[in-house]
Amino acid sequence: MEVEIIKLTPENWENFKTIRLRALKTDPTAFGSSYEQEIDRPEEVWRQKLATSWAYAAIVKNQFVGMARILFELGEHVQHVASIVSLFIDPAHRRQGIGEKIMKKIISDLRNQKIITKIILSVNTDQKPAVKLFEKVGFKTIGIARYGVKINQTYYNQLHMELVFEDKL
Ligand SMILES: CC(C)(COP(=O)(O)OP(=O)(O)OC[C@H]1O[C@@H](n2cnc3c(N)ncnc32)[C@H](O)[C@@H]1OP(=O)(O)O)[C@@H](O)C(=O)NCCC(=O)NCCS
């Protein structure tokens with residue numbers, strides 16, 4: 001199976017919207033936002049997300065089957081920290097190494113950014129496959145935020161994880 005990992009531009013906004021909405025629908029407890037919250041967002045909002053962050057897509061046979069996004073800090077004192085958010089692989093394509101491939105591409109691209117020395121992310125403790133994947137590619141848990149996410153009336157705890165490029169410090 002040929003998997004291509006590409007970086008998206010604002011012109012890709014429709015494909016980006018489609019895969020993001022699929023993620024929110026498929027895994028409603030995995031993310032900080034909901035399908036209902038994002039479904040009516042106008043084109044400009046999707047374009048803006050792609051203009052102000054890095055977004056990656058995994059493509060198999062011309063189909064978008066996965067995504068992840070990286071957020072950067074603007075403040076001078078925290079510009080060395082990047083956050084990974086919104087990682088998702090379509091269920092039909094899971095357990096084939098695609099999530100790991102996106103994560104490794106992101107880590108490699110961030111490592112090549114001179115200013116970046118640390119990557120952070122948060123993940124619901126219930127998302128066991130994601131936690132395993134993050135550990136596999138080098139993330140360490142630094143703490144648990146209790147009641148960090150509330151969906152309907154249920155609270156979820158979140159792991160805060162980090163990967164530090166020690167050799168770049
Ligand atoms: C987490 C997710 C992205 C993994 O994607 P994937 O393409 O299936 O993962 P990979 O096939 O690349 O797996 C890589 C590693 O992750 C871990 N992993 C992935 N799925 C797993 C599962 N179901 N159970 C246990 N470990 C798993 C394993 O360590 C695996 O390595 P291995 O194959 O050598 O055992 C996918 O399950 C997903 O989209 N989940 C829902 C959304 C989500 O939780 N996103 C994270 C939000 S922070």
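Begin by selecting the open sheet, whose 7 strands follow the order 1-2-3-4-5-7-6 with mixed pairing. Two strands are taken to pair if DSSP finds at least two bridges between them. Helices (H or I, at least four residues) and strands (E, at least two) are DSSP runs, numbered from the N terminus. The model is a predicted one: local features need pLDDT of at least 70, and side-chain atom pairs count only at pLDDT 80 or more, while totals for chains, interfaces and linings use all residues. Residue numbers start from 1 along each chain as its sequence is written.

Next, colour the two edges of the sheet, strand 1 (4–7) and strand 6 (140–151), each of which pairs on one side only. On average, neighbouring strands of this sheet are turned by 25° against each other, direction ignored. Axes here are lines fitted to C-alpha atoms, for helices over the stretch in contact, and angles run from 0 to 180 degrees between N-to-C directions.

**Across the sheet**

Select strand 2 (54–60) and strand 3 (63–72). These strands run antiparallel and are joined by 7 bridges. Val-60 stands opposite Gln-63 in strand 3. The hairpin of strand 2 and strand 3 has 2 residues between the strands. Lys-61, in the loop between strand 2 and strand 3, has a positive phi of about 50° although it is not a glycine. Is Lys-61 buried or exposed? Lys-61 is exposed, with 9 other C-beta atoms within 10 Å. By the rule used here, a residue is buried if 20 or more other C-beta atoms lie within 10 Å of its own, exposed if 12 or fewer, and partly exposed in between, with C-beta atoms placed from the backbone.

Stay on strand 3, where 7 of the 10 residues are buried, so this strand is largely enclosed by the rest of the structure. Strand 3 and strand 4 run antiparallel and are joined by 6 bridges, and Leu-71 stands opposite Ser-83 in strand 4.

Continue to strand 5 (118–124). Strand 4 and strand 5 pair in the parallel sense over 3 bridges, and the bridge partner of Val-81 in strand 5 is Lys-118. Ser-122 also has its place in strand 5. With 16 C-beta neighbours inside 10 Å, Ser-122 counts as partly exposed. Leaving aside residues up to four places away in sequence, Ser-122 touches Gln-158, Leu-159 and His-160. Contact requires that the C-beta atoms of two residues, placed from the backbone, lie within 7 Å. Select Ala-145 as well: its C-alpha atom is separated by 9.1 Å from that of Ser-122, and the two residues are 23 residues apart along the chain.

Complete the sheet with strand 7 (residues 154–164), which pairs with strand 6 in the antiparallel sense over 8 bridges. Ile-151 stands opposite Thr-154 in strand 7.

**The helices**

Show helix 1 (residues 13–26), which lies across strand 2, strand 3 and strand 4 and runs at about 90° to strand 3. Helix 3 (residues 43–52) packs with helix 1 at an angle of about 95°, their axes 9 Å apart. Helix 1 and helix 3 are therefore roughly perpendicular to each other. Angles of 65 to 115 degrees count as roughly perpendicular, under 35 as roughly parallel, over 145 as roughly antiparallel and the rest as oblique. To view the contact, select Trp-13, Phe-16 and Lys-17 in helix 1, which meet Glu-43, Trp-46, Arg-47 and Leu-50 in helix 3. By class, this contact of helix 1 with helix 3 has 4 nonpolar, no polar and 3 charged residues. Ala, Val, Leu, Ile, Met, Phe, Trp, Tyr, Cys and Pro count as nonpolar, Asp, Glu, Lys and Arg as charged, and the others, Gly among them, as polar.

Turn now to helix 5, which lies across strand 4, strand 5 and strand 7 and runs at about 160° to strand 5.

**The ligand**

Finally, select the ligand. How many residues surround the ligand? There are 19, and the closest are Arg-94, Gly-99, Glu-100, Pro-129 and Leu-133. A residue is near a molecule or strand if its C-beta atom, placed from the backbone, lies within 6 Å of it. Helix 5 gives the most to the shell, with 5 residues. The residues of the shell divide into 9 nonpolar, 4 polar and 6 charged.

The last stop is Arg-95, in the loop between strand 4 and helix 4. Arg-95 has a positive phi of about 60° although it is not a glycine, and it is exposed, with 9 other C-beta atoms within 10 Å.
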